[in-house]
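Welcome, and please have your viewer ready.

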Amino acid sequence: MLKLTSSPLRVFTSSGTPSRSGSAALITKRKFRNYATQAKIPVNIVEVGPRDGLQNEKGVIPVDVKVELIEKLALAGCNNIEAGSFVSPKWVPQMAGTGEIISRMHRLPDVHYAVLVPNQKGLDGLLSVLNTYNSSPDSESVPPPSDEISIFTAATDAFTRANLNTSIAESLVKMAPMARAALDKGLRVRGYVSVAIACPYTGQVDYKKVREVSKELLEMGCYEVSLGDTVGRGTPSQVAEMLEEVKKDVPVERLAGHFHDTFGTAVANVFTALEHGVRTIDSSVGGLGGCPYSPGATGNVATEDILYALQGSKYGITGTEYGKGTIDLDQITEIGWWISEKLGRESVSRAGRALRAKKIRDAEMAKDGEVRAKL
């Protein structure tokens, strides 16, 4: 069984030594807890930038950069972070080194660090990392490298064959024992259904198939199923129709929304999902993302854009005390620019770009005011 700890005050390195350097040292002095924004409908964010966001990058991303990205996101208040994928580097080279990443990163208590596992070999890779952790004398005090797996299939056979080289039915048969094994080890299991609106190979998706697949994922032990507009072609009316169909068999509180922003409708689709009862949204810092098996799809909806859009609404983003009970928009904006610059480009988050422009403009005006005051 996975040994889970609940130490609330300290952050540890992979060797078990409490961190004393940089921003991580601050963590040891502050109480850590999760709580929803009061008097608002709580909305949970699953930050997928380190995995879904980076998987479509053309270049190889250094392990150190990925470790730092995850640590920064946790310090901004994120309490659900998809840290990587145990997929073959031959097929997705950007996910190489996931075992090293989750072992090295400073892990905050009560933050869920999930990893994607596409097959039994991927699960075996994670369990090997966890076995090393469990055999260490530090396992009683150091949070585990991961406490959750993500498994995935799709709503069309064409996409499932492109992604997993199986049909939908075959993928579900293969995933069931993986889910059972993970649950037996004390891991949480989350499911994905890709192309829940449209498929890049076959076009419009039959929402009844989305409902059927989602139901099967719940029955095999997933605590939540994330419905993905992988192509980013969905409109609010399509999202509403799809959700109403899925809700016939699946409790809406067990659903999450995962929207790519190819046609600029992702934020509108998020609001539609929330109005239909969904309370968990996947997003990616800086709008990072894309899909190797969905030609033309752009990044996930940016975390900054969701945080900004929900300000003043009836919804409140849940987060940790490091984000003052939510996820800190200013910190996420800075992280979005930091990782984008590491990748050699600008952030594609609309809110992130506007907030940075304002910050630069305010700094220039303040400097100009100081100069004028001296004249």
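What volume does the largest cavity have? The largest cavity comes to about 70 Å³. A word on the source: this is a predicted model, in which local features need pLDDT of at least 70 and side-chain atom pairs count only at pLDDT 80 or more, while totals for chains, interfaces and linings use all residues. Residues are numbered from 1 along each chain as its sequence is written, and side-chain values use heavy atoms, with hydrogens and water left out.

Now for the terms behind that volume. On a 1 Å grid over the protein atoms alone, a cavity is a set of points where a 1.4 Å probe fits but cannot get out; a pocket is an open set with protein on both sides within 12 Å along at least five of seven lines, and lining residues have an atom within 4 Å of a point. Grid points are joined across faces, edges and corners, and a volume is the space filled by probe spheres set on the points.

Searching the whole structure turns up one cavity of 30 Å³ or more. Among the residues that line the largest cavity are Val 46, Glu 82, His 112, Glu 148, Arg 188 and Arg 190. Strands S3 (80-85), S4 (112-116), S5 (148-154) and S6 each supply at least two residues of this lining; helices (H or I, at least four residues) and strands (E, at least two) are DSSP runs, numbered from the N terminus. By class, the cavity lining holds five nonpolar, three polar and four charged residues. Here Ala, Val, Leu, Ile, Met, Phe, Trp, Tyr, Cys and Pro count as nonpolar, Asp, Glu, Lys and Arg as charged, and the others, Gly among them, as polar.

Next, look at the open space. The largest pocket has a volume of about 890 Å³. Its lining is made of 44 residues, of which Val 87, Pro 118, Phe 152, Asn 163 and Leu 164 are the closest to the centre. Elements giving two or more residues to this lining include helices H5 (120-134), H6 (157-164) and H7 (168-184), along with strands S6 (188-194) and S9 (224-229). The pocket lining counts 20 nonpolar, 20 polar and four charged residues.

From here, follow the chain into S9. This strand runs parallel to S10, and five bridges join the two; strands pair if DSSP finds at least two bridges between them. Leu 227 has Gly 257 of S10 as its bridge partner. S9, H9 and S10 make a right-handed β-α-β unit, where right-handed means that, with the strands pointing away from the viewer, the path from the first strand over the helix to the second runs clockwise. Within H9 (residues 236-246) sits Met 242, which counts as buried because its relative accessibility is 2%, the limits being under 20% relative accessible area for buried, over 50% for exposed and partly exposed in between (1.4 Å probe, protein chains only). Met 242 and Ala 196 are 46 residues apart in sequence, yet their C-alpha atoms are 7.7 Å apart in space.

S10 itself is covered on both faces: Leu 255, Gly 257 and Phe 259 on one side, and Ala 256 and His 258 on the other, are all buried. The chain then continues the pattern, as S10, helix H10 (residues 266-275) and S11 make a right-handed β-α-β unit. In H10 the buried residues are Ala 266, Asn 269, Val 270, Thr 272, Ala 273 and Leu 274. Gly 277 follows H10 and has a positive phi, near 105 degrees.

In S11 (residues 280-283), Thr 280 and Asp 282 point one way, Ile 281 and Ser 283 the other way, and all are buried. In a regular strand the side chains alternate between the two faces of the sheet. S11 has parallel neighbours: four bridges join S2 (residues 41-47) to S11, and two join S10 to S11. Ile 281 stands opposite Ile 45 and also opposite Gly 257, while His 258 has Asp 282 as its bridge partner.

Finally, visit two loops. Val 195, between S6 and strand S7 (198-199), has a positive phi near 45 degrees, and Val 195 counts as buried because its relative accessible area is 0%. Asp 110, in the loop between helix H4 (98-104) and S4, has a positive phi of about 70 degrees although it is not a glycine. Asp 110 counts as partly exposed because its relative accessibility is 37%.
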